[in-house]
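Subject: A structure for you to look at

Hello,

Here is the structure I promised to pass on to you. Please open it next to this email and follow along as you read.

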Amino acid sequence: MLVTLREILEQAEQGNFAVGSFNSPTLESVRAVTEAAEELQSPIILSHAEVHNDIIPIEIIGPIFIQFAKQASVPVVVHLDHGSNLNIIKKAIDIGFTSVMIDASHMEYEDNIRIVQEVVDYAHKHNVSVEAELGMMTSSGIGGEETQGGEHHATQEAEDYYTDPLIAKDFVQKTEIDALAASFGTVHGIYVQEPNLDIKRLKAIYENIGRPVVMHGGSGLEIEDYVNVIQSGVRKINYYSYAAKAGAQAVKEYIQQNQNLFYHDYTVVAKQAIKEDVKRAMKIFMNNGY
Ligand SMILES: [Zn+2]
């Protein structure tokens, strides 16, 4: 069933679990993620990153998401990831998305607030939930290129981009967003060094804002990291790079071991590998709470 982010995160708050948000830029990944969710009876967020319009445009994948969501036996949110402006937000809402992220985190603080307020005004009128970002998610530079313009690599101290808990409180009060993407040590893409999560900061953010925290760069962590962040207020985990990597790895091995292959064989192999990977993640995120 198709639900809003706000609805599913309320359940996650009550049950002390997190919901996986899976960017799905191919039909194989959409099928892998929804099948995994139905087999585990876990809620999910089907997510389209604006930068993945190069792989598949939102006009094509969006209606597919909606159809899968409506037919699913579990709650499914259809979400826009890292939307850069009001036009793409409006387009997503027209298609039927039930949740949008506006990412103006690279802008000056006052501009970030102003743009997020505009998006919240528009989205809430259409019963659509809003996620916004404060502080900045950096990228390892390998895969996971979800963000627009404000991409930063590890040239500066990562802590410079972390979310300030006091500013977060002000930001959420002024914008009335439904969930906050906060930066506290994860990065987008494949990890080139062990992530060092600032759990104390995360707890302070969660206590200050009084609503769910979103963790980006959420694939490739240790199980204890997931348990810790869920205990500390993370309710939505963006999970993509390592599932995509699992699909590619399975196809590589399949090519090495088999001959006279057809393209459709690769899609079957990739789908199965992505499904196994996201199932493993979903089991951890559910935390026995759902
Ligand atoms: Zn992200």
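Please keep in mind that the model is a predicted one.

**Aromatic rings**

Which ring pairs with tyrosine 266? The partner is tyrosine 263: the ring centres are 6.2 Å apart and the planes stand at 85 degrees, so the pair is edge-to-face. Both residues belong to helix H10, and because they are three residues apart, about one helical turn separates them. Tyrosine 263 is exposed, with a relative accessible area of 62%.

This pair is one of six aromatic pairs in the structure. Another joins tyrosine 239 to phenylalanine 285, also edge-to-face, with 6.0 Å from centre to centre and 70 degrees between the planes. Tyrosine 239 sits in the loop between strand E10 (234-238) and helix H9 (241-257), while phenylalanine 285 is in helix H10, so the pair ties together parts that lie 46 residues apart in sequence. Are these two residues buried or exposed? Tyrosine 239 is buried, at 1% relative accessibility, and phenylalanine 285 is buried with a relative accessible area of 1%. Ring pairs also link Phe22, Tyr226, Tyr239 and Phe285 into a cluster.

One more ring deserves a visit: lysine 90 lies over the face of tyrosine 122, 5.2 Å from the ring centre.

**Helix H2**

Next, please find helix H2, which covers residues 27-40. After H2 comes glutamine 41, which has a positive phi, near 55 degrees.

Now turn to strand E4, residues 99-102. Ser99 and Met101 point one way, Val100 and Ile102 point the other way, and all of them are buried.

Which strands pair with E4? Strand E3 (residues 76-83) runs parallel to E4 and is joined to it by three bridges; here histidine 79 has serine 99 as its bridge partner. Strand E5 (residues 129-134) also pairs with E4 in the parallel sense, over four bridges, and methionine 101 stands opposite glutamate 131 in E5.

Helices complete the picture. E3, helix H4 (residues 86-95) and E4 form a right-handed β-α-β unit. E4, helix H5 (residues 109-125) and E5 form a right-handed β-α-β unit too.

**A glycine in a loop**

Last stop: glycine 185, in the loop between strand E7 (179-182) and strand E8 (187-188). With a relative accessible area of 9%, glycine 185 counts as buried, because the cut-off is under 20%. What does glycine 185 touch, leaving aside its neighbours within four places in sequence? Its contacts are Tyr162, Pro195, Asn196 and Leu197. From glycine 185 to isoleucine 199 is 14 residues in sequence and 8.8 Å in space, C-alpha to C-alpha.

Enjoy exploring, and write back with any questions.

Best wishes

Methods. Residues numbered from 1 in each chain as written. Predicted model: local features only at pLDDT ≥ 70, side-chain atom pairs only at ≥ 80, totals over all residues. Heavy atoms only, no water. Helix = DSSP H or I, 4+ residues; strand = E, 2+ residues; numbered from the N terminus. Expected span 1.5 Å × (residues − 1). Phe/Tyr/Trp six-rings, centres within 6.5 Å; stacked < 30°, edge-to-face > 60°. Buried < 20%, exposed > 50% of the residue type's maximum accessible area, 1.4 Å probe, protein only. Lys NZ or Arg CZ within 6 Å of the ring centre and 35° of its normal. Contact = heavy atoms within 4.5 Å. Pairing = 2+ DSSP bridges. Right-handed = clockwise from strand over helix to strand, strands pointing away.
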